[in-house]
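Hi everyone, thanks for coming.

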Amino acid sequence: MKFNIAVLDGDGIGPEICAGAIEVLDAVGRKYGHDFIFKHYPIGGCAIDECGDPLPERTIEGCMASDSVLLGAVGGYKWDDMPVDKRPEKGLLRIRKALGLYSNIRPAKLWKALAKASPLKYELVKDGVEIIIVRELTGGIYFGERGRGTGNGGEYAWDTEKYSVAEIERITRIACELATKRSGKLVSVDKANVLESSRLWRRTVHEYCARNYPQITVEDVLVDNMAMQIVKNPAQFDVVVTSNIFGDILSDEAAQVTGSIGMLASSSLGDGKRGLYEPIHGSAPDIAGQDRANPVATVLAAAMMLRDSFDLPREYAAIETAVQRTLDDGWRTADIMEEGKREVGCKKMAALIAERV
Ligand code: IPM
Ligand code: MG
(Lines give C-alpha, C1' and ligand atoms only; values in the text may rest on other atoms or scores of the structure.)
(Ligands and ions follow the chains in the order given, each with its own letter.)
Protein backbone atom coordinates (compact mmCIF):
# COMPACT_ATOMS: atom_id res chain seq x y z
CA MET A 1 0.00 0.00 0.00
CA LYS A 2 1.03 3.58 -0.61
CA PHE A 3 0.83 6.31 2.06
CA ASN A 4 1.59 10.02 1.84
CA ILE A 5 3.04 11.38 5.05
CA ALA A 6 3.51 15.09 5.70
CA VAL A 7 6.56 15.59 7.91
CA LEU A 8 6.70 18.77 10.00
CA ASP A 9 10.22 18.60 11.38
CA GLY A 10 10.00 21.84 13.32
CA ASP A 11 12.83 23.21 15.45
CA GLY A 12 15.65 22.09 17.73
CA ILE A 13 16.03 18.33 17.70
CA GLY A 14 12.90 18.05 15.49
CA PRO A 15 14.72 17.27 12.22
CA GLU A 16 16.98 14.64 13.88
CA ILE A 17 14.19 12.71 15.55
CA CYS A 18 12.00 12.85 12.43
CA ALA A 19 14.90 11.47 10.38
CA GLY A 20 15.11 8.59 12.87
CA ALA A 21 11.40 7.84 12.56
CA ILE A 22 11.61 7.98 8.76
CA GLU A 23 14.46 5.47 8.78
CA VAL A 24 12.35 3.07 10.86
CA LEU A 25 9.26 3.60 8.67
CA ASP A 26 11.34 2.85 5.59
CA ALA A 27 12.46 -0.41 7.20
CA VAL A 28 8.79 -1.27 7.87
CA GLY A 29 7.97 -0.38 4.26
CA ARG A 30 10.65 -2.74 2.92
CA LYS A 31 9.64 -5.57 5.18
CA TYR A 32 5.87 -5.39 4.70
CA GLY A 33 5.73 -4.00 1.16
CA HIS A 34 4.43 -0.48 1.82
CA ASP A 35 5.46 2.67 0.09
CA PHE A 36 5.77 5.63 2.47
CA ILE A 37 6.18 8.93 0.66
CA PHE A 38 7.46 11.80 2.80
CA LYS A 39 6.98 15.49 2.07
CA HIS A 40 8.45 18.03 4.47
CA TYR A 41 6.75 21.30 5.44
CA PRO A 42 7.81 24.05 7.85
CA ILE A 43 6.15 24.74 11.21
CA GLY A 44 7.13 26.75 14.29
CA GLY A 45 10.30 28.82 14.53
CA CYS A 46 11.80 27.69 11.22
CA ALA A 47 8.57 28.73 9.49
CA ILE A 48 8.72 32.13 11.20
CA ASP A 49 12.25 32.54 9.87
CA GLU A 50 11.19 31.46 6.41
CA CYS A 51 8.04 33.53 5.96
CA GLY A 52 7.09 35.25 9.22
CA ASP A 53 4.28 32.79 10.03
CA PRO A 54 4.56 29.78 12.40
CA LEU A 55 2.01 27.91 10.26
CA PRO A 56 2.29 28.86 6.59
CA GLU A 57 -0.66 28.17 4.29
CA ARG A 58 1.38 25.67 2.28
CA THR A 59 1.94 23.61 5.41
CA ILE A 60 -1.80 23.38 6.08
CA GLU A 61 -2.39 22.48 2.42
CA GLY A 62 0.36 19.85 2.53
CA CYS A 63 -1.16 18.29 5.64
CA MET A 64 -4.65 18.31 4.14
CA ALA A 65 -3.32 16.56 1.04
CA SER A 66 -1.54 13.89 3.09
CA ASP A 67 -2.80 10.65 4.62
CA SER A 68 -1.30 11.60 7.96
CA VAL A 69 1.14 13.95 9.65
CA LEU A 70 4.34 13.34 11.61
CA LEU A 71 5.60 16.21 13.73
CA GLY A 72 8.96 16.66 15.48
CA ALA A 73 8.84 19.57 17.92
CA VAL A 74 8.59 23.35 17.83
CA GLY A 75 10.17 26.22 19.72
CA GLY A 76 13.54 27.57 20.80
CA TYR A 77 15.25 30.42 22.63
CA LYS A 78 15.46 32.45 19.46
CA TRP A 79 11.68 32.97 19.27
CA ASP A 80 10.96 33.29 23.01
CA ASP A 81 10.40 37.02 22.89
CA MET A 82 8.18 37.11 19.81
CA PRO A 83 4.60 38.46 20.10
CA VAL A 84 1.95 35.74 20.81
CA ASP A 85 0.84 35.24 17.23
CA LYS A 86 4.40 34.89 16.03
CA ARG A 87 5.44 32.25 18.52
CA PRO A 88 6.31 28.72 17.38
CA GLU A 89 3.70 27.18 19.76
CA LYS A 90 1.00 29.10 17.93
CA GLY A 91 1.81 26.99 14.84
CA LEU A 92 1.08 23.85 16.84
CA LEU A 93 -2.18 25.17 18.28
CA ARG A 94 -3.31 26.31 14.84
CA ILE A 95 -2.52 23.04 13.05
CA ARG A 96 -4.55 21.11 15.65
CA LYS A 97 -7.51 23.40 15.05
CA ALA A 98 -7.07 23.50 11.26
CA LEU A 99 -7.08 19.71 10.99
CA GLY A 100 -9.96 19.36 13.48
CA LEU A 101 -7.90 17.19 15.83
CA TYR A 102 -9.99 17.39 18.96
CA SER A 103 -8.69 14.28 20.65
CA ASN A 104 -5.17 13.93 21.95
CA ILE A 105 -4.14 10.53 23.24
CA ARG A 106 -1.07 10.47 25.46
CA PRO A 107 -0.09 7.10 26.81
CA ALA A 108 2.39 7.35 29.69
CA LYS A 109 3.91 3.93 29.76
CA LEU A 110 6.62 2.73 32.06
CA TRP A 111 8.94 0.44 30.12
CA LYS A 112 9.93 -2.47 32.35
CA ALA A 113 13.55 -2.16 31.15
CA LEU A 114 13.55 1.45 32.38
CA ALA A 115 11.70 1.01 35.71
CA LYS A 116 14.71 2.37 37.56
CA ALA A 117 14.41 5.66 35.68
CA SER A 118 11.14 6.49 37.44
CA PRO A 119 11.56 9.06 40.21
CA LEU A 120 8.99 7.11 42.25
CA LYS A 121 9.78 4.34 44.72
CA TYR A 122 10.29 1.01 43.02
CA GLU A 123 7.32 -0.64 44.87
CA LEU A 124 4.96 1.89 43.33
CA VAL A 125 5.94 1.16 39.75
CA LYS A 126 7.31 -2.37 39.77
CA ASP A 127 4.17 -3.90 38.24
CA GLY A 128 4.23 -1.44 35.40
CA VAL A 129 2.30 1.77 34.79
CA GLU A 130 0.30 2.70 31.74
CA ILE A 131 -1.90 5.76 32.07
CA ILE A 132 -3.62 6.80 28.88
CA ILE A 133 -4.63 10.41 29.03
CA VAL A 134 -7.31 11.41 26.55
CA ARG A 135 -7.05 15.17 26.36
CA GLU A 136 -9.59 17.44 24.66
CA LEU A 137 -7.46 19.42 22.22
CA THR A 138 -9.36 22.11 20.36
CA GLY A 139 -11.53 23.73 23.01
CA GLY A 140 -11.52 25.11 26.53
CA ILE A 141 -9.31 27.91 27.77
CA TYR A 142 -6.77 27.38 24.98
CA PHE A 143 -9.24 28.61 22.41
CA GLY A 144 -11.72 30.59 24.51
CA GLU A 145 -12.19 34.33 24.41
CA ARG A 146 -9.44 36.32 26.05
CA GLY A 147 -8.51 39.91 26.42
CA ARG A 148 -6.87 42.71 28.27
CA GLY A 149 -8.04 45.97 29.68
CA THR A 150 -7.42 48.59 32.30
CA GLY A 151 -9.72 49.20 35.24
CA ASN A 152 -9.66 50.51 38.79
CA GLY A 153 -7.13 47.90 39.84
CA GLY A 154 -4.91 48.82 36.92
CA GLU A 155 -4.18 46.56 33.98
CA TYR A 156 -5.96 43.18 33.81
CA ALA A 157 -6.11 40.15 31.53
CA TRP A 158 -8.62 37.29 31.18
CA ASP A 159 -9.09 33.91 29.51
CA THR A 160 -12.26 31.82 29.38
CA GLU A 161 -12.89 28.13 29.84
CA LYS A 162 -15.96 27.14 27.83
CA TYR A 163 -17.17 23.70 26.78
CA SER A 164 -20.28 22.65 24.91
CA VAL A 165 -22.08 19.34 25.41
CA ALA A 166 -21.15 18.36 21.85
CA GLU A 167 -17.44 18.95 22.53
CA ILE A 168 -17.57 16.95 25.75
CA GLU A 169 -19.50 14.11 24.15
CA ARG A 170 -17.14 13.60 21.23
CA ILE A 171 -14.05 13.37 23.43
CA THR A 172 -15.92 11.09 25.85
CA ARG A 173 -16.72 8.77 22.95
CA ILE A 174 -13.02 8.45 22.07
CA ALA A 175 -12.16 7.70 25.70
CA CYS A 176 -14.98 5.14 25.97
CA GLU A 177 -13.84 3.35 22.82
CA LEU A 178 -10.36 3.04 24.31
CA ALA A 179 -11.63 1.99 27.73
CA THR A 180 -13.81 -0.67 26.11
CA LYS A 181 -10.72 -2.25 24.54
CA ARG A 182 -8.88 -2.07 27.87
CA SER A 183 -10.04 -2.30 31.50
CA GLY A 184 -13.54 -0.88 31.02
CA LYS A 185 -12.73 1.74 33.65
CA LEU A 186 -12.73 5.43 32.85
CA VAL A 187 -11.57 8.25 35.11
CA SER A 188 -12.88 11.72 34.26
CA VAL A 189 -10.92 14.64 35.69
CA ASP A 190 -12.50 18.03 36.37
CA LYS A 191 -12.79 20.79 38.94
CA ALA A 192 -16.55 20.52 39.47
CA ASN A 193 -16.34 21.79 43.04
CA VAL A 194 -15.49 25.24 41.64
CA LEU A 195 -15.98 25.57 37.89
CA GLU A 196 -19.32 25.72 36.07
CA SER A 197 -17.72 24.31 32.91
CA SER A 198 -16.55 21.33 34.98
CA ARG A 199 -20.05 20.73 36.32
CA LEU A 200 -21.32 20.49 32.75
CA TRP A 201 -18.33 18.30 31.87
CA ARG A 202 -19.10 15.88 34.71
CA ARG A 203 -22.84 15.63 34.02
CA THR A 204 -22.27 15.17 30.27
CA VAL A 205 -19.65 12.45 30.69
CA HIS A 206 -21.97 10.48 32.98
CA GLU A 207 -25.07 10.91 30.84
CA TYR A 208 -23.19 10.05 27.65
CA CYS A 209 -21.60 6.95 29.13
CA ALA A 210 -24.84 5.72 30.68
CA ARG A 211 -26.59 6.10 27.32
CA ASN A 212 -23.92 4.71 25.03
CA TYR A 213 -21.43 2.70 27.06
CA PRO A 214 -23.35 1.31 30.06
CA GLN A 215 -20.68 -1.37 30.58
CA ILE A 216 -18.04 1.27 31.41
CA THR A 217 -17.58 2.42 34.99
CA VAL A 218 -16.87 6.12 35.30
CA GLU A 219 -15.13 7.62 38.28
CA ASP A 220 -14.74 11.38 38.79
CA VAL A 221 -11.51 12.70 40.24
CA LEU A 222 -10.91 16.37 40.99
CA VAL A 223 -7.84 17.68 39.21
CA ASP A 224 -5.92 18.61 42.36
CA ASN A 225 -6.52 15.18 43.82
CA MET A 226 -5.53 13.63 40.48
CA ALA A 227 -2.20 15.45 40.55
CA MET A 228 -1.61 13.87 43.94
CA GLN A 229 -2.84 10.37 43.03
CA ILE A 230 -0.55 10.19 39.98
CA VAL A 231 2.50 10.33 42.21
CA LYS A 232 0.93 8.39 45.07
CA ASN A 233 -0.26 5.36 43.13
CA PRO A 234 -0.01 5.70 39.35
CA ALA A 235 -0.82 2.02 38.73
CA GLN A 236 -4.47 2.59 39.76
CA PHE A 237 -5.20 4.47 36.50
CA ASP A 238 -5.93 3.23 33.03
CA VAL A 239 -7.89 5.56 30.71
CA VAL A 240 -8.32 9.17 31.85
CA VAL A 241 -10.41 11.76 30.02
CA THR A 242 -10.05 15.46 30.68
CA SER A 243 -10.12 19.01 29.33
CA ASN A 244 -7.45 20.70 27.25
CA ILE A 245 -5.63 22.50 30.07
CA PHE A 246 -5.92 19.78 32.72
CA GLY A 247 -4.73 17.27 30.12
CA ASP A 248 -1.76 19.46 29.27
CA ILE A 249 -0.65 19.59 32.88
CA LEU A 250 -1.43 16.02 33.93
CA SER A 251 0.17 14.47 30.84
CA ASP A 252 3.51 16.06 31.72
CA GLU A 253 3.19 14.76 35.26
CA ALA A 254 2.25 11.25 34.13
CA ALA A 255 5.11 11.28 31.62
CA GLN A 256 7.63 12.19 34.30
CA VAL A 257 6.43 9.30 36.46
CA THR A 258 7.66 6.95 33.73
CA GLY A 259 11.05 8.61 34.02
CA SER A 260 11.60 8.72 30.31
CA ILE A 261 9.78 11.49 28.53
CA GLY A 262 12.07 10.73 25.58
CA MET A 263 10.15 7.48 25.09
CA LEU A 264 6.56 8.75 24.95
CA ALA A 265 4.49 9.40 21.86
CA SER A 266 1.11 10.98 21.30
CA SER A 267 -1.58 11.00 18.65
CA SER A 268 -4.11 13.66 17.81
CA LEU A 269 -7.17 12.66 15.85
CA GLY A 270 -10.49 14.09 14.75
CA ASP A 271 -13.41 12.44 13.01
CA GLY A 272 -11.41 11.17 10.04
CA LYS A 273 -8.41 8.89 9.73
CA ARG A 274 -5.80 11.61 9.27
CA GLY A 275 -3.99 12.33 12.50
CA LEU A 276 -1.01 14.21 13.83
CA TYR A 277 1.60 12.10 15.56
CA GLU A 278 4.35 13.57 17.68
CA PRO A 279 6.62 12.89 20.63
CA ILE A 280 5.41 14.27 23.97
CA HIS A 281 8.71 16.04 24.63
CA GLY A 282 9.77 19.40 23.27
CA SER A 283 12.43 20.68 20.89
CA ALA A 284 15.34 20.52 23.39
CA PRO A 285 17.29 23.41 21.82
CA ASP A 286 20.16 22.82 24.26
CA ILE A 287 21.13 19.57 22.53
CA ALA A 288 19.94 20.33 18.99
CA GLY A 289 22.27 19.27 16.18
CA GLN A 290 24.54 17.25 18.47
CA ASP A 291 23.16 13.78 17.70
CA ARG A 292 22.27 13.32 21.38
CA ALA A 293 18.46 13.24 21.21
CA ASN A 294 16.39 10.15 21.88
CA PRO A 295 14.45 9.26 18.69
CA VAL A 296 12.29 6.61 20.36
CA ALA A 297 9.26 8.81 21.15
CA THR A 298 9.05 9.91 17.51
CA VAL A 299 9.61 6.36 16.29
CA LEU A 300 6.72 5.24 18.51
CA ALA A 301 4.61 8.16 17.26
CA ALA A 302 5.20 6.86 13.73
CA ALA A 303 4.14 3.40 14.94
CA MET A 304 0.90 4.84 16.33
CA MET A 305 0.27 6.42 12.93
CA LEU A 306 0.54 3.00 11.28
CA ARG A 307 -1.93 1.52 13.75
CA ASP A 308 -4.45 4.34 14.16
CA SER A 309 -4.44 6.15 10.80
CA PHE A 310 -3.44 3.35 8.41
CA ASP A 311 -4.96 0.33 10.19
CA LEU A 312 -1.67 -1.57 10.26
CA PRO A 313 -1.58 -3.15 13.75
CA ARG A 314 1.01 -5.76 12.72
CA GLU A 315 3.42 -3.06 11.57
CA TYR A 316 2.79 -1.12 14.79
CA ALA A 317 3.69 -4.20 16.80
CA ALA A 318 6.83 -4.73 14.69
CA ILE A 319 8.13 -1.30 15.69
CA GLU A 320 7.18 -1.67 19.34
CA THR A 321 8.93 -5.03 19.53
CA ALA A 322 12.00 -3.63 17.77
CA VAL A 323 12.19 -0.83 20.37
CA GLN A 324 11.78 -3.35 23.18
CA ARG A 325 14.57 -5.53 21.76
CA THR A 326 16.90 -2.57 21.30
CA LEU A 327 16.43 -1.72 24.99
CA ASP A 328 16.76 -5.36 26.04
CA ASP A 329 20.02 -5.55 24.08
CA GLY A 330 21.34 -2.77 26.30
CA TRP A 331 21.34 0.20 23.91
CA ARG A 332 20.51 3.59 25.45
CA THR A 333 20.55 7.23 24.46
CA ALA A 334 22.01 9.72 26.97
CA ASP A 335 18.65 10.61 28.60
CA ILE A 336 17.97 6.99 29.66
CA MET A 337 21.56 5.86 30.15
CA GLU A 338 22.37 3.69 33.20
CA GLU A 339 25.47 1.89 34.33
CA GLY A 340 26.38 -1.20 32.36
CA LYS A 341 24.49 -0.13 29.24
CA ARG A 342 25.84 1.08 25.91
CA GLU A 343 25.30 4.74 25.06
CA VAL A 344 24.57 5.74 21.47
CA GLY A 345 23.45 8.86 19.64
CA CYS A 346 20.18 9.60 17.89
CA LYS A 347 21.24 8.25 14.48
CA LYS A 348 22.63 5.01 15.81
CA MET A 349 19.60 4.39 18.04
CA ALA A 350 17.26 4.77 15.07
CA ALA A 351 19.47 2.49 12.97
CA LEU A 352 19.46 -0.18 15.70
CA ILE A 353 15.65 -0.08 15.85
CA ALA A 354 15.34 -0.14 12.04
CA GLU A 355 17.67 -3.15 11.91
CA ARG A 356 15.45 -5.02 14.39
CA VAL A 357 12.31 -4.29 12.38
C1 IPM B 1 1.75 20.22 24.62
C2 IPM B 1 2.45 21.54 24.71
C3 IPM B 1 1.62 22.58 23.98
C4 IPM B 1 0.27 22.66 24.66
C5 IPM B 1 2.27 23.97 23.90
C6 IPM B 1 3.63 23.89 23.26
C7 IPM B 1 1.40 24.95 23.19
O8 IPM B 1 2.68 21.88 26.02
O9 IPM B 1 1.53 19.73 23.49
O10 IPM B 1 1.42 19.66 25.66
O11 IPM B 1 0.13 23.34 25.67
O12 IPM B 1 -0.66 22.02 24.17
MG1 MG C 1 2.18 20.36 27.40
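Predicted model: local features only at pLDDT ≥ 70, side-chain atom pairs only at ≥ 80, totals over all residues.

Residues are numbered from 1 along each chain as written, chains are lettered from A and ligands numbered from 1 in written order, and side-chain values use heavy atoms, leaving out hydrogens and water.

So, who surrounds ligand 1? Glu89, Leu93, Arg96, Arg106, Arg135, Tyr142 and Asp248 do, each with a heavy atom within 4 Å. Helix H4, residues 88-98, gives the largest share, 3 residues; helices here are DSSP runs (H or I, at least four residues), numbered from the N terminus.

Now the polar contacts, meaning N or O pairs within 3.5 Å. Oxygen atoms of ligand 1 lie 2.5 Å from the Tyr142 side chain, 2.8 Å from that of Arg106 and 2.9 Å from that of Asp248. Taken alone, ligand 1 exposes 320 Å², and the protein buries 74% of that (Shrake-Rupley, 1.4 Å probe).

Finally, domain 1 (1-104 + 262-357) and domain 2 (119-257) both give residues to the shell, so ligand 1 lies between them; those bounds come from an automatic or database assignment.

Conventions:
Polar contact = N/O pair within 3.5 Å; in protein donor to acceptor, adjacent residues only side chain to side chain. Helix = DSSP H or I, 4+ residues; strand = E, 2+ residues; numbered from the N terminus.
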